[in-house]
Amino acid sequence: QVQLVESGGGLVQAGGSLRLSCAASGRTFSTYAMGWFRQAPGKERDFVAAIRWSGSYADSVKGRFTISRDNAKNTVYLQMNSLKPEDTALYYCAVDPRGRVGTRALDYAYWGQGTQVTVSS
């Protein structure tokens with residue numbers, strides 16, 4: 001069992017930045033694949049970014065968002081720049097302990113509770 005706790009969400013104006021954090025339990029964090037997903041009201045949960053050794057990104061955030069990890073702190077980050085109103089969603093952190101980077105929600109076994117990001121125009 002892996003527990004995840006996200007933080008860093010909030011309200012920001014369009015063009016602004018936020019950094020999300022996700023702290024994970026587990027002794028072998030460095031071997032996990034970590035992902036960020038987001039879900040807007042009435043929509044499906046969409047892939048945003050994932051990382052094992054290097055980041056993978058959805059086209060909609062490429063060039064604006066950066067995923068990174070600090071294995072010493074068991075934490076993964078999502079730096080979000082040039083935010084747009086369409087980035088508004090509940091952002092979830094997820095982990096695949098097998099270390100496989102995927103873009104589907106079903107690829108991930110454990111999820112955090114989510115942190116809200118709201119971008120005003």
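Arg38, Arg64 and Asp87 are linked in a network of salt bridges, a salt bridge being a side-chain nitrogen of Lys or Arg within 4 Å of a carboxyl oxygen of Asp or Glu. The model is predicted, so local features need pLDDT of at least 70 and side-chain atom pairs count only at pLDDT 80 or more, while totals for chains, interfaces and linings use all residues. Residues are numbered from 1 along each chain as its sequence is written, and side-chain values use heavy atoms, with hydrogens and water left out.

**Salt bridges**

- A search of the whole structure finds 5 salt bridges.
- Asp87 forms one of them with Arg38, with the closest N and O atoms 2.9 Å apart. Because Asp87 lies in the loop between strand 8 and strand 9 and Arg38 in strand 4, the pair ties together parts that are 49 residues apart in sequence. Strands (E, at least two residues) and helices (H or I, at least four) are DSSP runs, numbered from the N terminus.
- Asp87 also forms a salt bridge with Arg64, and here the closest N and O atoms are 2.7 Å apart. This pair links distant parts of the chain, since Arg64 is in the loop between strand 6 (55-57) and strand 7, 23 residues from Asp87.
- Buried means under 20% relative accessible area, exposed over 50%, and partly exposed in between (1.4 Å probe, protein chains only).
- Another salt bridge joins Asp59 to Lys62, with 3.2 Å between the closest N and O atoms. Asp59 is exposed, with a relative accessible area of 66%.

**Nonpolar core**

- The largest nonpolar core has 34 residues, of which Met34, Trp36, Leu78, Met80 and Tyr91 touch the most other members. Such a core is a set of buried Ala, Val, Leu, Ile, Met, Phe, Trp, Tyr and Cys residues joined through side-chain atoms within 4.5 Å.
- Strand 3 (18-24), strand 4 (33-39), strand 5 (45-51), strand 7 (65-70), strand 8 (75-80), strand 9 (89-96) and strand 11 (115-120) each supply at least two residues of this core.
- Leaving aside neighbours within four places in sequence, Tyr91 is in contact (heavy atoms within 4.5 Å) with residues including Leu20, Trp36, Arg38, Leu78 and Met80.

- An open sheet is formed by 4 strands in the order 1-3-8-7, with antiparallel pairing. Two strands pair if DSSP finds at least two bridges between them.
- The edge strands, each pairing on one side only, are strand 1 (4-7) and strand 7.
- Strand 3 and strand 8 pair in the antiparallel sense over 6 bridges; Leu20 stands opposite Leu78 in strand 8.
- Arg19 is found in strand 3 and counts as partly exposed at 47% relative accessibility. Beyond its neighbours within four places in sequence, Arg19 is in contact with Ser7, Gly8, Tyr77, Leu78 and Gln79.

**Positive phi angles**

- Most residues other than glycine have a negative phi.
- Asn74 has a positive phi, near 50°, and is not a glycine. Asn74 lies in the loop between strand 7 and strand 8 and counts as buried at 18% relative accessibility.
- Ser82, also not a glycine, has a positive phi of about 50°. Ser82 is placed in the loop between strand 8 and strand 9 and counts as partly exposed at 41% relative accessibility.
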